[in-house]
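This report describes one protein chain, beginning with a single residue and its contacts and ending with the chain as a whole.

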Amino acid sequence: MSEKYNVLRRLRRTIRNRTEKAIHDFDMIRPGDRVLIGVSGGSDSMCLLQFFREGLGLLIHDYSFLAVHIDLGFEKKDTSMDSYFNALGVDYRIVKTDIASSALDPEAKKNPCFICSLYRRREIYHVAKQEECNKIAYAHHKDDIVETLLINILYGRKIETMQPVQEVFSGNMFIIRPFTYIDESMLKQFAREMKLPMFEKHCPIAGHTRRDKVKQMIRTLQQQEKNANIKENIFKSIYHVNVGYSKKQ
Ligand code: SF4
């Protein structure tokens, strides 16, 4: 067996084990669930779709899933996603929108990503209701959770981040994040090794967002602090909240 094959096998096993652990720890999937998988077309969501297709190795088998892509309407469109889903033979929906124009409107200049995510979320909820999905799975990983925590502290004056399981619509629907324990770098490597296709969204501000700045900040700090696992420490801090400040400022 080639070294390349072994690398992929180890990577798949690690991601699968950690994903199953998260699903188990937070009771993410139950018998009879219909899961909407948000597929943006980036490496993370392509990995999530891949692991769902492989069956996740769970003891639960009687759940179904639907891949959903929200086309944000950026100028250059990649239409091959349709063919990809068809070739895989998965249940899917592609929803065309003009979210891009709202996000890039000068009025939204201060925080286009907020507008973009909000409208995209609305579309996802709409499809989930139409398709009777009670779970929405996102490919958010450990890096996303850590970065969101810092974004909320630095720009939003609150200590809050994405949750592994989040109740919406009074418990009629749940957002789940099976990649909660997975590092972004692992997913990138897996997508590369598996040669999973990527479908770029051609957003002109991608790479210049608050998330990108925070990501860079963590990276820089990590380079300077060789003896501390900065990202892991921030992640673990979520489990050790010391609530001492009760007076509102
Ligand atoms: S970077 Fe572009 S596509 Fe991504 S959330 Fe922001 S506005 Fe939307």
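Glu-123 touches Ile-70, Val-95, Thr-97 and Ile-99, when residues up to four places away in sequence are not counted; contact here means heavy atoms within 4.5 Å. Glu-123 belongs to helix α5, residues 112-130. Helices (H or I, at least four residues) and strands (E, at least two) are DSSP runs, numbered from the N terminus.

The model is predicted: local features need pLDDT of at least 70 and side-chain atom pairs count only at pLDDT 80 or more, while totals for chains, interfaces and linings use all residues. Residues are numbered from 1 along each chain as its sequence is written, and side-chain values use heavy atoms, with hydrogens and water left out.

The table lists the relative accessible area of several residues. A residue is buried under 20% relative accessible area, exposed over 50%, and partly exposed in between (1.4 Å probe, protein chains only).

| Residue | Relative accessible area | Class |
|---|---|---|
| Glu-123 | 26% | partly exposed |
| Gln-222 | 26% | partly exposed |
| Cys-113 | 30% | partly exposed |
| Cys-133 | 4% | buried |
| Asp-27 | 38% | partly exposed |
| Arg-157 | 81% | exposed |

As to the cysteines, Cys-133 is buried, whereas Cys-113 is partly exposed. A disulfide is a covalent bond between the sulfur atoms of two cysteines. The search of the whole structure finds zero disulfides, the criterion being a pair of cysteine sulfur atoms within 2.5 Å.

Helix α9 spans residues 230-237, and its buried residues are Ile-230, Lys-231, Glu-232, Ile-234 and Phe-235. The elements that cover these buried residues include α6 (142-156) and α8 (210-224). Gln-222 is located in helix α8. Beyond its neighbours within four places in sequence, Gln-222 is in contact with Ala-228, Asn-229, Ile-230 and Lys-231.

Two loop residues deserve a note on backbone geometry. Most residues other than glycine have a negative phi. Asp-27, by contrast, has a positive phi near 50 degrees, and its place is in the loop between α1 (3-25) and β1 (34-38). Arg-157 likewise is not a glycine and has a positive phi, of about 55 degrees; Arg-157 lies in the loop between α6 and β5 (165-168).

The chain as a whole can now be considered. Its secondary structure comes to nine helices and six strands. The radius of gyration is 19 Å, close to the 18 Å that the globule rule gives for 249 residues, so the chain is as compact as a globular protein of that length. The radius is taken over C-alpha atoms, and the rule is 2.2 Å times the number of residues to the power 0.38. Along the principal axes, the C-alpha atoms fill a box of roughly 50 × 50 × 40 Å.

Of the 249 residues in the chain, 43% are buried. Among contacts between residues at least 6 apart in sequence, 78% join residues at least 24 apart. The chain exposes about 14,800 Å², of which carbon and sulfur atoms supply 51%; accessible areas come from the Shrake-Rupley method with a 1.4 Å probe.
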